[in-house]
Amino acid sequence: MVDAELVLGIKVLLEAQGQRVYVDWIDDQALERDRVTAKTADVLRKRMRQSESFLYVATENAPKSKWMPWELGYFDGLRQGFISILPLVDNASSSFQGQEYLGLYPVVENLALVGGGSRLGVVEKARKGYRFLDAFSKGDRTVRAF
(Lines give C-alpha, C1' and ligand atoms only; values in the text may rest on other atoms or scores of the structure.)
Protein backbone atom coordinates (compact mmCIF):
# COMPACT_ATOMS: atom_id res chain seq x y z
CA MET A 1 0.00 0.00 0.00
CA VAL A 2 1.42 3.32 -1.12
CA ASP A 3 0.30 5.42 1.87
CA ALA A 4 0.62 2.69 4.50
CA GLU A 5 3.07 4.60 6.66
CA LEU A 6 0.87 7.71 6.71
CA VAL A 7 -2.29 5.76 7.50
CA LEU A 8 -0.56 3.77 10.23
CA GLY A 9 0.71 7.01 11.80
CA ILE A 10 -2.81 8.47 11.84
CA LYS A 11 -4.18 5.24 13.34
CA VAL A 12 -1.58 5.35 16.13
CA LEU A 13 -2.28 9.05 16.80
CA LEU A 14 -6.05 8.53 17.00
CA GLU A 15 -5.78 5.43 19.17
CA ALA A 16 -3.49 7.33 21.55
CA GLN A 17 -6.42 9.74 21.95
CA GLY A 18 -8.77 6.89 22.86
CA GLN A 19 -10.34 6.38 19.42
CA ARG A 20 -11.15 2.98 17.97
CA VAL A 21 -9.84 2.87 14.41
CA TYR A 22 -10.56 0.35 11.66
CA VAL A 23 -8.13 0.08 8.76
CA ASP A 24 -9.01 -2.66 6.28
CA TRP A 25 -5.49 -3.82 5.42
CA ILE A 26 -4.60 -4.07 9.13
CA ASP A 27 -7.82 -5.49 10.60
CA ASP A 28 -8.97 -7.63 7.66
CA GLN A 29 -5.73 -8.67 5.99
CA ALA A 30 -7.37 -11.36 3.84
CA LEU A 31 -9.40 -8.83 1.83
CA GLU A 32 -8.68 -8.45 -1.87
CA ARG A 33 -8.16 -4.71 -1.99
CA ASP A 34 -6.55 -4.74 -5.43
CA ARG A 35 -9.72 -6.16 -7.03
CA VAL A 36 -13.36 -5.26 -6.62
CA THR A 37 -15.13 -8.37 -5.30
CA ALA A 38 -18.50 -9.01 -3.68
CA LYS A 39 -16.80 -10.65 -0.68
CA THR A 40 -14.62 -7.61 0.00
CA ALA A 41 -17.61 -5.28 -0.42
CA ASP A 42 -19.64 -7.36 2.06
CA VAL A 43 -16.88 -7.18 4.68
CA LEU A 44 -16.45 -3.43 4.19
CA ARG A 45 -20.21 -2.84 4.45
CA LYS A 46 -20.28 -4.82 7.70
CA ARG A 47 -17.39 -2.82 9.15
CA MET A 48 -18.96 0.49 8.15
CA ARG A 49 -22.28 -0.49 9.74
CA GLN A 50 -20.29 -1.09 12.95
CA SER A 51 -18.78 2.41 12.77
CA GLU A 52 -20.11 5.72 14.06
CA SER A 53 -17.98 7.91 11.80
CA PHE A 54 -15.79 7.79 8.70
CA LEU A 55 -12.46 9.56 8.30
CA TYR A 56 -11.38 9.88 4.66
CA VAL A 57 -7.60 10.31 4.60
CA ALA A 58 -7.00 12.38 1.48
CA THR A 59 -3.48 11.87 0.19
CA GLU A 60 -1.93 12.45 -3.20
CA ASN A 61 -2.53 8.75 -3.94
CA ALA A 62 -6.14 8.53 -2.69
CA PRO A 63 -7.68 9.26 -6.13
CA LYS A 64 -6.06 6.07 -7.43
CA SER A 65 -7.92 3.88 -4.94
CA LYS A 66 -10.54 1.47 -6.27
CA TRP A 67 -12.34 1.41 -2.93
CA MET A 68 -12.15 4.84 -1.28
CA PRO A 69 -14.80 6.65 -3.39
CA TRP A 70 -17.15 3.67 -3.03
CA GLU A 71 -16.61 3.54 0.76
CA LEU A 72 -17.23 7.28 1.05
CA GLY A 73 -20.49 7.06 -0.90
CA TYR A 74 -21.70 4.01 1.01
CA PHE A 75 -21.01 5.60 4.39
CA ASP A 76 -22.65 8.87 3.32
CA GLY A 77 -25.85 6.96 2.68
CA LEU A 78 -25.46 5.07 5.94
CA ARG A 79 -24.62 7.85 8.44
CA GLN A 80 -24.91 11.20 6.76
CA GLY A 81 -23.22 13.91 8.81
CA PHE A 82 -20.47 11.73 10.22
CA ILE A 83 -17.87 11.86 7.47
CA SER A 84 -14.81 14.05 7.70
CA ILE A 85 -11.88 14.60 5.40
CA LEU A 86 -8.31 14.57 6.70
CA PRO A 87 -6.22 16.20 3.99
CA LEU A 88 -2.53 15.34 4.09
CA VAL A 89 -0.29 17.85 2.36
CA ASP A 90 3.48 18.01 1.94
CA ASN A 91 4.00 20.94 4.30
CA ALA A 92 2.10 23.51 6.34
CA SER A 93 2.15 26.11 3.55
CA SER A 94 0.64 23.70 0.99
CA SER A 95 -3.06 23.89 0.23
CA PHE A 96 -5.32 20.89 -0.18
CA GLN A 97 -6.64 20.23 -3.69
CA GLY A 98 -8.73 17.04 -3.54
CA GLN A 99 -11.43 15.72 -5.81
CA GLU A 100 -14.35 18.12 -6.11
CA TYR A 101 -16.79 15.85 -4.23
CA LEU A 102 -14.61 15.94 -1.10
CA GLY A 103 -15.68 19.58 -0.70
CA LEU A 104 -19.10 18.31 0.42
CA TYR A 105 -17.67 17.22 3.78
CA PRO A 106 -16.14 18.92 6.82
CA VAL A 107 -12.37 18.86 7.24
CA VAL A 108 -10.26 17.76 10.21
CA GLU A 109 -8.02 20.55 11.50
CA ASN A 110 -5.75 21.06 14.46
CA LEU A 111 -7.64 23.73 16.43
CA ALA A 112 -5.87 26.13 18.79
CA LEU A 113 -7.42 26.14 22.25
CA VAL A 114 -8.01 29.22 24.39
CA GLY A 115 -5.29 29.19 27.00
CA GLY A 116 -2.87 27.25 24.82
CA GLY A 117 -2.53 23.85 23.27
CA SER A 118 -4.53 22.36 20.44
CA ARG A 119 -7.06 19.65 19.72
CA LEU A 120 -8.26 17.91 16.57
CA GLY A 121 -11.60 19.18 15.38
CA VAL A 122 -13.99 18.60 12.49
CA VAL A 123 -14.62 22.00 10.90
CA GLU A 124 -17.90 22.46 9.05
CA LYS A 125 -18.02 23.95 5.55
CA ALA A 126 -17.54 27.73 5.38
CA ARG A 127 -16.22 27.49 8.97
CA LYS A 128 -19.79 27.60 10.31
CA GLY A 129 -18.71 25.68 13.40
CA TYR A 130 -16.82 22.67 14.62
CA ARG A 131 -17.02 19.48 16.64
CA PHE A 132 -14.05 18.02 18.46
CA LEU A 133 -12.95 14.88 16.65
CA ASP A 134 -13.45 12.61 19.66
CA ALA A 135 -17.08 13.73 20.07
CA PHE A 136 -17.69 13.59 16.31
CA SER A 137 -16.38 10.03 16.12
CA LYS A 138 -18.82 8.93 18.81
CA GLY A 139 -21.83 10.32 16.98
CA ASP A 140 -22.21 13.69 18.75
CA ARG A 141 -24.12 16.14 16.50
CA THR A 142 -23.44 19.23 18.65
CA VAL A 143 -21.73 21.89 16.54
CA ARG A 144 -19.86 24.61 18.43
CA ALA A 145 -19.51 28.15 17.09
CA PHE A 146 -16.09 29.70 16.53
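Phe-146 counts as exposed, at 52% relative accessibility, where exposed means over 50% relative accessible area, buried under 20% and partly exposed in between (1.4 Å probe, protein chains only). This is a predicted model in which local features need pLDDT of at least 70 and side-chain atom pairs count only at pLDDT 80 or more, while totals for chains, interfaces and linings use all residues. Residues are numbered from 1 along each chain as its sequence is written, and side-chain values use heavy atoms, with hydrogens and water left out.

Let's stay with Phe-146 for a moment. The charged end of Arg-127 sits over its ring, 4.6 Å from the centre; for this, NZ of Lys or CZ of Arg must be within 6 Å of the ring centre and within 35 degrees of the ring normal. Likewise, Arg-131 has its charged end over the ring of Phe-82, 5.2 Å from the centre.

Now for the ring pairs. The whole structure holds six aromatic pairs, counted when the centres of Phe, Tyr or Trp rings (the six-membered ring of Trp) lie within 6.5 Å; planes under 30 degrees apart are stacked, over 60 edge-to-face and the rest tilted. Trp-70 and Tyr-74 are stacked because their ring centres are 5.8 Å apart and their planes meet at 20 degrees. Both residues belong to helix 4 (residues 68–78), four residues apart, about one turn of the helix; helices are DSSP runs of H or I with at least four residues, strands runs of E with at least two, numbered from the N terminus. Trp-70 is partly exposed at 28%, as is Tyr-74 at 23%. Ring pairs also join Trp-67, Trp-70 and Tyr-74 into a cluster.
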